[in-house]
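Trainee: Before we look at the chain together, I would like to learn how to read its strands, helices and domains one feature at a time.

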Amino acid sequence: MEIGVLGGGAGGMMAAVFAAKAGARVAVLERNEKLGKKMFISGKGRCNLTNAAKGQEFLDNIVRNPRFLYSAFHFFSNEDLCALMEGEAGVPLKLERGGRMFPQTDKSSDVIRGLERLLDRYKVRVSLRTQVRAVEILPDGGFLVTTNLGQKRFDRLILSLGGLSYPATGSDGDGFRLAAALGHTIEKPLPSLVPMETVEDWPRTLSGLTLKNVTLTAKAGKKALFSEMGEMLFTHFGISGPLVLSLSARVTGLDVSTIGLRLDLKPGLTREQLLKRIDRDIEQAPKKQLQSLLFGLEPHALAPILAQTAGLQTDTPCNRLNARQREALAEAVKGLPLHIRALRPIEEAIVTRGGVNVREVDPHTMESKRVKGLYFAGEMLDVDALTGGFNMQIAFSTGALAGSSAARQTETEEVVP
Ligand SMILES: Cc1cc2nc3c(=O)[nH]c(=O)nc-3n(C[C@H](O)[C@H](O)[C@H](O)COP(=O)(O)OP(=O)(O)OC[C@H]3O[C@@H](n4cnc5c(N)ncnc54)[C@H](O)[C@@H]3O)c2cc1C
């Protein structure tokens, strides 16, 4: 009895470890020349492999189909992952802000090496430069996998071929094509955790500017979609940074032309407090131009944008500003309007929304409800989360459960005469 794991990313490696640990013969087929290419670039090369958040707090960060993941997280939690990495895999970890867990060395390659040590220990065969082209279900319930190197039969198969984002890492949608050919419904793949292009031109003129401790709010008509404080960044196409990536997870798939964004540059002050501060600044230096007043409030580069939004000239002497104009200024600082033209393409997304419909997969085993002996793990499932290590944990947890279930099923069947 042999289990084939298709894809050697986070999900596939963990699936192989758990299947082999449970006693199965396991082979990983990976198209790249090495394992874990996406993991290598993750977390800016540091690999934020999980998050220390507990229970519901952890689940609150799963955006798509969190309930589907209950059993997988229960089977192999973030704490279990840390114990495995720090113990058997020999990779000491550290905790950073927001519960993010990283290898102590800050090197994603050490996480990959740790997993490779486990694959070695449990005698998993790894076949690199092996591109899976087709999967056929055999009359005896086994699977015939066709690759660039030939054909191979497996008794059980775990598909962990990733999504569509960052295709240069190897996950270019093959997983979706293979799953669809095996009878699975693929929910439309969409970009999530992705930067955005804006309708307004001015963000592009500020490319490289980072804003810290600002609040970004999104509404569609009166419906609140998102409101969070944090960091964002202007780029040559629009906006990016942690706040914008989180926002993208809430709006991907929606008609973005109906969404209005507001940027509060001074979330620590109420409108009234800000107006008082503007009045006080003007009283202290009445002859100052509006531009200098704004320099005291915000990064210099934003001054002309704020003045323009308030319908004012930057060279207006401050003591000429009437009450209505001061209010317009406060309004611009507390709610600078922005509009989304488009989310950047899926190739630039940190994670893929969509994929194998989870209603067709048993959440307690990760086995397909359509094809016996077929299992799924990782990003190719229609589950995704916010940044912070949650997506990698999804891959590890679903991988561990798929691997263990596939091996258990194999074991049970082997003892039945
Ligand atoms: C830039 C970037 C940074 C990220 N940073 C983080 C982070 O810090 N923390 C976090 O939690 N998440 C992060 N993520 C997301 C996270 O990396 C993924 O969600 C996770 O790696 C998914 O693992 P996976 O095993 O499901 O898929 P993948 O890692 O994509 O693995 C799939 C594997 O299947 C292989 N494959 C595909 N098709 C075939 C085929 N036909 N034949 C053979 N092999 C094939 C691929 O080569 C690939 O190795 C980041 C993503 C990106 C793009």
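**Reading strands, helices and domains**

Mentor: Let us start with a single pair of residues in this predicted model: Ala-134 stands opposite Thr-146 in S9.

Trainee: In which sense do S8 and S9 pair, and over how many bridges?

Mentor: As a general idea, strands of a sheet pair through backbone hydrogen bonds, and they do so either parallel or antiparallel. In this case S8 and S9 pair in the antiparallel sense, over five bridges. The two strands form a hairpin with five residues between them, and in its turn Gly-141 has a positive phi of about 90°.

Trainee: What is the order of the strands in the open sheet that holds S8 and S9?

Mentor: The order is S8-S9-S10, an open sheet of three strands with antiparallel pairing. Strand S8 (132-137) and strand S10 (150-154) stand at the edges with a single partner strand each, so one side of each is left without a neighbour in the sheet. On average, neighbouring strands of this sheet are turned by 20° against each other, direction ignored. On the S10 side, strand S9 (residues 143-147) is joined to S10 by five bridges, and the two run antiparallel; here Val-145 has Lys-152 as its bridge partner in S10.

Trainee: Do strand S1 and strand S2 run parallel or antiparallel?

Mentor: Strand S1 (residues 2-6) and strand S2 (residues 25-29) run parallel and are joined by five bridges, with Ile-3 opposite Val-26 in S2. When you trace the chain here, include the helix as well: S1, helix H1 (residues 10-21) and S2 make a right-handed β-α-β unit.

Trainee: Turning to the helices, at roughly what angle do the axes of helix H2 and helix H6 cross?

Mentor: The axes of helix H2 (residues 37-45) and helix H6 (residues 108-121) cross at roughly 145° and come within 8 Å, and H2 passes H6 in a right-handed crossing. The contact is made by Met-39, Phe-40, Ser-42, Gly-43 and Gly-45 of H2, together with Ser-108, Ser-109, Val-111 and Ile-112 of H6. Sorted by class, this contact of H2 with H6 has four nonpolar residues, five polar residues and no charged ones.

Trainee: Finally, which residues does the domain assignment give to domain 1 and to domain 2?

Mentor: The assignment gives 2-190 + 351-415 for domain 1, which is written as two segments, and 195-344 for domain 2. The C-alpha centres of domain 1 and domain 2 lie 41 Å apart, while five residues of domain 1 are in contact with six residues of domain 2. On the side of domain 1 that touches domain 2, the residues divide into three nonpolar, one polar and one charged.

Terms used:
Residues are numbered from 1 along each chain as its sequence is written. This is a predicted model: local features need pLDDT of at least 70, side-chain atom pairs count only at pLDDT 80 or more; totals for chains, interfaces and linings use all residues. Axes are lines fitted to C-alpha atoms, for helices over the stretch in contact, and angles run from 0 to 180 degrees between N-to-C directions. Helices (H or I, at least four residues) and strands (E, at least two) are DSSP runs, numbered from the N terminus. A crossing is left-handed if the near helix is turned anticlockwise from the far one by less than a right angle, and right-handed if clockwise. Two residues are in contact if their C-beta atoms, placed from the backbone, lie within 7 Å. Ala, Val, Leu, Ile, Met, Phe, Trp, Tyr, Cys and Pro count as nonpolar, Asp, Glu, Lys and Arg as charged, and the others, Gly among them, as polar. Two strands pair if DSSP finds at least two bridges between them. A crossover is right-handed if, with the strands pointing away from the viewer, the path from the first strand over the helix to the second runs clockwise. Domain bounds come from an automatic or database domain assignment.
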